[in-house]
Amino acid sequence: MDMETSPRHNVPAKSAEINDEEVSSKHDVETASATLEENNVEEIKPVDIRDEDVYPKPIVKTEDIIDEMESIDIHREVNTLSLESETQQDKMLSPSNGDDDDDDSESSHDSKDDADLDDTMDAKEKPKPDSPDSNPSTSAWTEKAAAIKNFVRVKSEVAVHTFMRRLSGKMNDDNAVHDARDDETKWVESPKAEGKSSIWNPLSYLKMMQNDDTIDKVEVTNVEAELEPVAMKGRIILYTRLGCEECRECRLYFHGKRLRYVEINIDIYPSRKQDLEKIGGSSCSSDVPKVFFNEELVGSFKELKKIDESGELDAKIRHLIHEAPPREAPLPPFSGEDDASSKGHVDELALIVRKMKPCIVKDRFYKLRRFKNCFSGSDAVDFLSSDQCLERDEAIEVARKLASQLFFQHVLEENLFEDGNHLYRFLDDDPVVSSQCHNIPRGIIEIKPRPVVEIASRLRILYRAILEAYTSPDGKHVDYRSIHGSEEFARYLRIIQELHRVQQLVDMPREEKLAFFINLYNMMAIHAILVWGHPTGPLERAKMFGEFKYIIGGYTYSLSAIQNGIIRGNQRQPYHLTKPFNEKDKRSMVALPYAEPLSHFALSCGTRSGPPLRCFSPGEIDKELMEATLDFLRGGGLIVDLSSKVAYISKIFNWYSVDFGNGEKEVLKHASTYLEPQLSEALLDVLVDTQFRVVYQTYDWGLNN
């Protein structure tokens with residue numbers, strides 16, 4: 001191909017058949033030559049422009065991304081940018097030595113030359129020695145573009161890093177600016193790696209955030225490792241009983257030593273008294289606590305402390321660490337041991353239902369609606385007639401008896417049972433029961449249902465044993481992990497399955513009903529936390545209080561329904577417009593006749609600002625509620641500053657103010673009656689003629705573990 005040389009620039013120029021890429025290269029050369037001519041530079045020799053020099057292949061390595069970001073010196077780039085800007089302004093103000101045609105040509109290609117030079121210099125950090133760009137004056141615009149690009153990139157990286165850390169919640173408002181400056185300083189101080197090209201990628205900050213998470217997890221793991229029990233092959237058995245003060249001290253002693261033990265409460269496992277009688281005689285069965293290291297009887301708590309003081313305890317612990325328990329060592333409680341849930345008289349009606357259910361249940365249409373897993377009244381009567389050899393009237397009576405025993409219900413609760421096209425559904429086939437109720441048994445329980453008072457008594461004893469074994473002495477801290485793996489909690493799950501068909505809920509006395517539902521609420525909250533985890537936000541809390549349910553007496557009860565529907569006498573819960581039970585709801589018959597204000601200091605939902613856990617008995621329910629109220633308010637639930645006329649009171653009084661009085665003044669008077677006598681009298685005297693300012697304390701929703 002013939003080549004012609006430009007007489008002005010002395011640079012080879014291609015013919016009219018060149019493509020667009022070659023035009024871009026020509027403009028680069030022409031611009032550089034024009035700059036040289038302005039500076040009175042002598043004529044240079046032609047230079048061949050290769051495609052690979054103008055369009056180098058980018059080399060991107062993922063492992064170099066973070067190194068490239070950390071290698072940017074912000075202050076150097078900013079200083080370079082400012083000096084170059086001043087130099088260019090001086091040059092632009094000086095008179096041009098070239099012709100008018102050259103100035104017009106140079107200005108017409110100015111924007112395009114900047115883009116081309118930017119791309120070229122981004123790929124090559126250093127120009128070739130024989131290139132026209134090797135002169136410092138010639139490469140001013142190139143360095144300016146590179147400086148601007150680096151400056152914008154650094155600032156963008158800092159902004160994105162700060163934003164993503166704030167979004168993830170890893171940075172507090174107090175140290176946000178400090179961390180951002182530290183990150184920027186770290187990048188400035190990092191030396192730049194030469195010869196490496198980079199592409200800015202915001203996703204690389206996810207890697208940085210993962211590193212931060214890893215550091216936080218390592219710190220938490222180190223703290224937890226210090227609190228973890230000593231790992232050992234052997235086994236420590238601790239025999240206790242309810243209400244034993246020395247047993248409580250022995251538990252605290254083992255926790256202080258970080259020794260894991262298995263507790264056997266002889267009130268929960270009465271058959272284990274025989275083990276103690278075989279070892280120490282009949283008197284030993286009532287003498288607790290008793291401690292076993294594998295098969296060795298250490299003795300009481302006093303004897304354990306003597307061994308510790310003599311220095312022999314360390315040797316025994318080392319033996320437990322390396323030696324597994326032999327066969328003659330006491331065994332931990334096994335599943336179902338001494339559990340009355342699996343004992344009782346066989347329910348003949350349950351046997352009939354077991355055979356009837358798989359034969360008649362299917363999906364059906366009723367009143368233009370489709371109902372799953374149901375059966376018609378006529379199908380039930382037909383089955384009972386053929387299976388039990390009954391007349392149709394007798395079969396209808398048997399079906400009504402099954403309905404009265406809460407084996408099944410009408411899908412729309414229109415009647416108890418009628419022969420015909422009415423649809424009925426077994427309890428465990430109800431979609432709400434099967435999806436939201438966590439005490440529905442798997443299959444049909446063949447044992448006759450026990451009275452609710454008996455079930456409440458068993459629950460109360462078991463609940464008390466759980467509190468003594470797995471909570472702090474003041475009831476403010478709960479060992480959820482140990483509860484989840486305990487045999488006591490497994491027994492609790494078996495007992496609450498008996499509640500789905502209990503009777504006589506309406507006829508329960510006030511004291512029995514109040515104690516039963518308070519204890520059940522507290523254990524139900526623990527159950528919800530173990531199944532769903534602790535709720536971290538308002539939506540999760542609303543789900544826990546409203547959707548975690550038990551079925552009791554054929555009807556579903558959530559935590560909110562128990563508190564606001566039963567205990568508070570069917571009052572509206574905070575921030576709701578309707579009552580839990582409407583007039584047609586049969587659960588309203590179970591509700592207490594009036595609200596129990598002191599119950600707010602007995603119901604614990606697993607939060608730090610809530611009241612501590614304790615067990616309530618029907619015989620002393622009012623006395624125990626009074627004690628719970630006194631402990632809560634005197635322990636920080638109500639703080640009075642008489643000098644500044646300010647009362648700091650729990651948020652509970654704001655949410656349920658209707659239970660304590662009308663207006664803040666009456667609420668404060670009601671709460672002041674539970675303070676110390678002197679402080680209560682002084683506060684009541686001041687409230688007569690002085691307006692107190694009430695400040696509600698911030699409620700801590702954190703888990704009380």
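A residue counts as buried when its relative accessible area is under 20%, as exposed when over 50%, and as partly exposed in between (1.4 Å probe, protein chains only). By that rule, 43% of the 705 residues of this protein are buried. The structure is a predicted model, in which local features need pLDDT of at least 70 and side-chain atom pairs count only at pLDDT 80 or more, while totals for chains, interfaces and linings use all residues. Residues are numbered from 1 along each chain as its sequence is written, and side-chain values use heavy atoms, with hydrogens and water left out.

**Overall build**
- The protein has 27 helices and 15 strands (DSSP runs numbered from the N terminus: helices are H or I with at least four residues, strands are E with at least two).

**Salt bridges**
- The whole structure holds 35 salt bridges (a side-chain nitrogen of Lys or Arg within 4 Å of a carboxyl oxygen of Asp or Glu).
- One of them joins Arg251 and Glu263, at 2.8 Å from N to O.
- Arg251 sits in helix α10 (residues 245-257) and Glu263 in strand β4 (residues 262-265), so this pair ties together parts 12 residues apart in sequence.
- Arg251 is buried at 5% relative accessibility, and Glu263 is buried at 10%.
- Another salt bridge links Asp387 and Lys355, at 3.3 Å from N to O.
- Here both partners are partly exposed: Asp387 has a relative accessible area of 29%, and Lys355 has 43%.
- Asp585 and Arg587 also form a salt bridge, their closest N and O atoms being 2.8 Å apart, and both residues are buried.
- Through shared partners, salt bridges join Arg251, Glu263, Arg464 and Glu468 into one network.
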